[in-house]
Amino acid sequence: MTNPATLDFIQQHKTDDVRRLALQGGKHPEVDLHYALEQIAGWQKARTKLPSWAARDGIIFPSHLAMEQCSSEATAIYKARIAGRGQRFVDLTAGFGVDAAFIAQGFQQAVTIEQQEKLCAVTSENYRLLGLSQVEVRCGNGVEYLHSMDHADLIFIDPARRDEHGGRTYGIADCTPNVLELREELLAKADRVIIKLSPMLDWRKAVEDLKTVSEVHIVSVDNECKELLLVLSESAKPLRVFCVNDDDVFVFSPALTKTASLPLPSSDLPFLYVPNASIMKAGCFGELAELFKMAPLDRNSHLFVSDREIPDFPGRCYKIEKTTSMNKRELKEAFTGIRQANIAVRNFPLSVAELRKRLKLQDGGDIYIFATTVAGKGHQLLICHK
């Protein structure tokens with residue numbers, strides 16, 4: 001039981017610098033400083049990562065590592081959406097229990113398995129505060145529980161992506177547990193299985209290895225790729241790939257659109273389109289160009305142009321004001337009066353820093369420069385506005 005002095009210290013110093021607070025240990029002998037600092041740091045992280053939990057009094061936060069590894073609220077809500085509703089749900093690798101908390105809201109009964117006793121205690125108390133009375137928190141090994149569990153509508157598993165030395169791993173077989181070895185048993189024990197994997201993984205290889213994948217979800221938040229989710233089921237369905245970035249969702253079926261190919265490269269069109277991070281990860285450029293009737297600047301640049309504005313494009317749109325080669329005279333003319341710009345490079349031999357130095361431009365402002373390769377024209381700079 002945390003003493004009142006510690007709780008009061010946490011409340012008073014919620015927004016203070018944790019490193020400075022750590023130096024005040026001798027001033028507050030009645031305060032459990034280690035616990036207080038852990039809670040303050042956790043709450044500060046949760047303000048952006050788990051805002052609804054940070055806003056609720058009494059939520060207990062785990063260690064720094066557990067907070068770093070847990071899902072964000074945005075990705076947990078998305079997982080709950082694809083999990084749907086049902087009778088029974090099991091999370092075999094619960095951790096801090098964020099994903100399970102959101103998914104369980106759609107199920108009448110849920111079981112979460114976590115090996116660390118401290119995390120189980122924290123999760124149990126938090127679930128009580130959150131009103132998740134249908135969730136049973138068990139401390140134990142998820143694989144052992146899988147062997148003896150009753151059938152469930154859904155199993156969720158997030159294999160650990162760190163080796164025994166703490167180094168990151170990305171391959172499915174290198175994670176713990178190895179879901180390739182558990183695939184048949186997982187599908188025997190549940191109608192559907194959701195596997196969370198590293199966004200660094202090649203989703204096509206993962207689908208090939210796991211066989212019965214019905215859905216792939218590439219999830220980005222604020223245009224940063226966060227998670228790769230695979231949905232397994234025994235029912236024979238055409239594979240669908242969901243490219244998600246916040247509220248933008250682009251869906252395609254590789255089996256149905258495998259003939260989709262990029263149209264001939266083009267330029268001299270006024271609108272530039274930059275696909276979001278999930279589209280880039282999926283590599284579905286032919287499908288994108290076909291659906292939105294766009295043309296690529298080059299087959300390897302992954303930038304597209306169109307003669308019109310596309311309001312529902314899954315990415316960013318810019319108006320091209322000028323185009324220039326790297327010729328010194330052309331550069332001088334094109335950049336007259338420009339002192340500041342945002343620079344991005346795609347399929348281009350110079351880095352952003354190298355190009356910025358050559359152009360003598362400060363960072364920022366409302367001008368955007370895309371340095372890329374344009375078919376038939378070579379290396380080009382596109383000077384744009386959003």
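At the start of helix 11, which backbone nitrogen does a side-chain oxygen of D202 reach? The views below, all of a predicted model, begin with this contact.

**View 1. The start of helix 11 and its buried residues.** A side-chain oxygen of D202 comes to within 3.0 Å of the backbone nitrogen of R204, at the start of helix 11. The helix spans residues 203–210, and W203, A206, V207 and L210 in it are buried. Viewed down the helix axis, the buried residues fall within an arc of 100°, so they line one face of helix 11. K211 follows the helix and has a positive phi, near 70°.

View 2. The disulfide count is zero. C243 is buried, at 0% relative accessible area, and its sulfur is 4.1 Å from the closest cysteine sulfur, that of C284, which is too far for a bond because a disulfide requires sulfur atoms within 2.5 Å. C175 is also buried, at 4%; the closest cysteine sulfur to its own, in C225, is 16 Å away, likewise too far for a bond.

View 3. The bond from T176 to P177 is cis, with omega near -5°. P177 belongs to the loop between strand 4 (152–157) and helix 10 (179–189).

View 4. Most residues other than glycine have a negative phi. D246, in the loop between strand 8 (240–245) and strand 9 (248–252), has a positive phi of about 55° and is partly exposed, at 38% relative accessibility. K360 has a phi near 60°; this residue lies in the loop between helix 15 (352–359) and strand 15 (362–374) and is exposed, at 72% relative accessibility.

How values were computed. Residues numbered from 1 in each chain as written. Predicted model: local features only at pLDDT ≥ 70, side-chain atom pairs only at ≥ 80, totals over all residues. Heavy atoms only, no water. Buried < 20%, exposed > 50% of the residue type's maximum accessible area, 1.4 Å probe, protein only. Helix = DSSP H or I, 4+ residues; strand = E, 2+ residues; numbered from the N terminus. Arc of directions from axis to C-beta. Polar contact = N/O pair within 3.5 Å; in protein donor to acceptor, adjacent residues only side chain to side chain.
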